[in-house]
Amino acid sequence: MNTRKTFRMDGRTIPFEDGQSIIDAALAAGEYIPHLCHNPEFTPHGSCRVCTVDVDGRMVSACTQPAAEGQQVVNNSDPVNHYRRRLLQMLFVEGNHVCPGCEKSGACQLQAVAYYTGMLAPHFTHFFPRREVDASHPDTVIDFNRCILCELCVRASRDVDGKNVFSISGRGIQSRLIINSNTGRLGDSDYDRADKAASVCPVGAILPKHQGYEVPIGERLYDQRPISVVGDVAQAKQGDNGDG
Amino acid sequence: MADKIRIATAPLAGCFGCHMSLLDIDERLLDLIEVAEFDCSPLNDFKRVGSADIGLIEGGVANTENVETLRDFRRHCRILVAVGACAVNGGIPAMRNQFDLRDCLEESYVNGIGVENPMIPNDPEIPLLLDKVHPIHEVVKIDYFLPGCPPSADSIWTFLTELIEGRPVSFPYTQIHYD
Ligand code: SF4
């Protein structure tokens, strides 16, 4: 029971417990695997695919793939990061991500993961979709232009807040975030700024009002150091360092 | 000495901030002109691009003149570089893509606060606006991208020196930002 099972990732031995995903085992060992829709506090979703790793020659998402004894995982390699960059570029052109005009800039995970993978340009043709901004709630604004459909707010509102304020509607390119209220507006829903859902958005889609630039641009979480160092891996590193 | 590297620069739909950032390399400009000289650029006011090794484009493509300038640069520059957020992805000017062009013009020239003599300008000298603002890689092939609003003087310097010295271009973490 107590012999620790392990897999190998980028030359390191990573211990894991039965049922743990590759990403959670790596995180516990202080190894960063890029991710957007994953947050260790919630059930894995597997939608953004940014955590894709090469496991014994197959590309799989590390947040939904259970760790298994003896797996050979490639995480931080040029081909894997190239693949991630393409996914990120698709996310950028599908929405309207205008970093110079966004309050979340510098603290945005989409931007930070793009920096980490060395993305310099969007590569693809922009969609420039027309989407709404919902400022109806007194404490929070929702800018649908920036939503990457990670469903973290959906999961937080459903599983932690017990409210089901958010949901994804439509399929494929028509998918969009909707709000559960009779007008479809946030201000008319059960949402409250103390909700878990208020603080999980990895991008600038769900934003608190009245505090936009309290932390100046240039002094934000990912402005000076990469997400691989200061992101959720930083908290995990304070625990067991687990080198094998 | 060997021929100097020729650099041309052009502002399209931008705010001139990227050109200001280029000037922000300050006294390193003296090092730059040891190895390079400027072809057409708003800095020397030469109007048409001759033939250049490096073309630096600031701004996205918002009107017919932008298209013409950009194509002209592509024809005459060996290496074409998208400098800054607007060239890279349309930037702030592309936020007008959320609206119909007519609505933008009417807001500015007909219904806007304080407008006198309301009319949409239609002098034939004025370049026609495109329906949408586009990043420049959607119009011509681009060889390098330098993001930032604007890219800092340090990142412009890193880019130019590494490119001119023929080294692979790579930046320290703090020199790449999209804002
Ligand atoms: S609003 Fe934010 S948290 Fe919710 S789905 Fe969109 S990106 Fe994810």
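I'll start with chain A, where helix 2, residues 78–94, packs against helix 3, residues 109–116, at an angle of about 145°, the axes being 10 Å apart. This is a predicted model. Helix 2 of chain A passes helix 3 of chain A in a left-handed crossing. On the helix 2 side, the contact is made by Asn81(A), Leu88(A), Leu91(A) and Phe92(A). Helix 3 of chain A contributes Leu110(A), Gln111(A), Val113(A), Ala114(A) and Tyr116(A).

Next, two residues of chain A. Ser21(A) sits in the loop between strand 2 (12–16) and helix 1 (22–28) of chain A. Its relative accessibility is 8%, so Ser21(A) counts as buried. Setting aside neighbours within four places in sequence, Ser21(A) is in contact with Ala62(A), Cys63(A), Gln65(A), Pro66(A) and Ala67(A).

Ile179(A) belongs to strand 9 of chain A, residues 176–179. It is buried because its relative accessible area is 8%, under the 20% cut-off. Beyond residues up to four places away in sequence, Ile179(A) touches several others, including Asp134(A), Ile142(A), Phe144(A), Val165(A) and Phe166(A).

Now chain B. Which residues make the nonpolar surface patch of about 340 Å²? They are Phe16(B), Met20(B), Leu23(B) and Leu43(B). Of these, I'll take Phe16(B), found in the loop between strand 1 (5–11) and helix 1 (17–23) of chain B. Phe16(B) counts as partly exposed because its relative accessibility is 37%, which falls between the limits of 20% for buried and 50% for exposed.

Notes
Residues numbered from 1 in each chain as written. Chains lettered and ligands numbered in written order. Predicted model: local features only at pLDDT ≥ 70, side-chain atom pairs only at ≥ 80, totals over all residues. Heavy atoms only, no water. Patch = residues over 30% accessible without salt bridge, like charges linked within 9 Å, V, L, I, M, F, W, Y side chains within 5 Å. Areas by Shrake-Rupley, 256 points an atom, 1.4 Å probe, with all protein chains shown as cover. Salt bridge = Lys/Arg side-chain N within 4 Å of Asp/Glu carboxyl O. Helix = DSSP H or I, 4+ residues; strand = E, 2+ residues; numbered from the N terminus. Buried < 20%, exposed > 50% of the residue type's maximum accessible area, 1.4 Å probe, protein only. Axes fitted to C-alpha atoms, helices over the stretch in contact; angles between N-to-C directions. Left-handed = near helix turned anticlockwise from the far one by under 90°. Contact = heavy atoms within 4.5 Å.
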